[in-house]
Amino acid sequence: MSLSAVHGTLSSLKSCQADIGTGMDIVTDVAMDLAEAHANQESAESMEELDEDIAVTQSQVNFTCPLTQVEMVNPVKNKKCNHHYDEAAILSLIKTRHSQKKKCRCPVVGCGNTDVKDSDLIPDQMLRRRIQSYKRQNNRT
Ligand SMILES: [Zn+2]
């Protein structure tokens, strides 16, 4: 094999590596799409099972509202600091603080977000479903 042939092989190997890199990204994306499409095709019944699997694997997630200290009923996520609260509790806290002309600090200990607004809160349906299926599991025992 001539030296130039070796060089040629090397450079094609290199471009091949780059291709593999992007290829992996594409594969991951496709896999995610497939998983989502699959989940969407599931019947309502098996969706429940899926939820319960999620609840089991993520049982470490805190379902407790930092304000009420009980399981959240309508969890909302603060899009600024990613903390969760029960909707009614955080809304009433914001209202109280604002009526005192004060900013509403994120009630989560150690959180640096000092100005929680109701416009920062997004309902978290995913977490809500997880809490519900988690409850169902506990009631079964
Ligand atoms: Zn926070």
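Read along the sequence, the protein follows the pattern α-α-β-β-α-β-α. The model is a predicted one. Four helices and three strands are present in the protein. Of the 141 residues, 13% are buried. Among contacts with a sequence separation of 6 or more, 54% link residues 24 or more positions apart.

The strands form an open sheet of three, in the order β2-β1-β3. Pairing within this sheet is antiparallel. The edges are taken by β2 (84–86) and β3 (121–123). Each of these has a single partner strand, so one side of each lacks a neighbour in the sheet. On average, neighbouring strands are turned by 40 degrees against each other, direction ignored.

Strand β1 covers residues 75–78 and is joined to β2 by three bridges. The two strands run antiparallel.

Helix α3 spans residues 87–99. It lies across β1, β2 and β3. Relative to β2, helix α3 runs at about 90 degrees.

Asn82 is found in the loop between β1 and β2. Its phi is positive, at about 65 degrees, although Asn82 is not a glycine. Asn82 has 10 C-beta neighbours inside 10 Å and therefore counts as exposed, the cut-off for this class being 12 or fewer. Lys101 lies in the loop between α3 and β3. Lys101 is likewise not a glycine, and its phi is positive, near 60 degrees. With 6 other C-beta atoms within 10 Å, Lys101 is exposed.

The loop between α3 and β3 also holds Lys117. Lys117 has 12 C-beta neighbours inside 10 Å, so Lys117 counts as exposed. Lys117 and Lys80 are separated by 37 residues in sequence. In space, their C-alpha atoms are 9.7 Å apart.

Terms used
Residues numbered from 1 in each chain as written. Predicted model: local features only at pLDDT ≥ 70, side-chain atom pairs only at ≥ 80, totals over all residues. Pairing = 2+ DSSP bridges. Axes fitted to C-alpha atoms, helices over the stretch in contact; angles between N-to-C directions. Contact = placed C-beta atoms within 7 Å. Buried ≥ 20, exposed ≤ 12 C-beta atoms within 10 Å, placed from the backbone.
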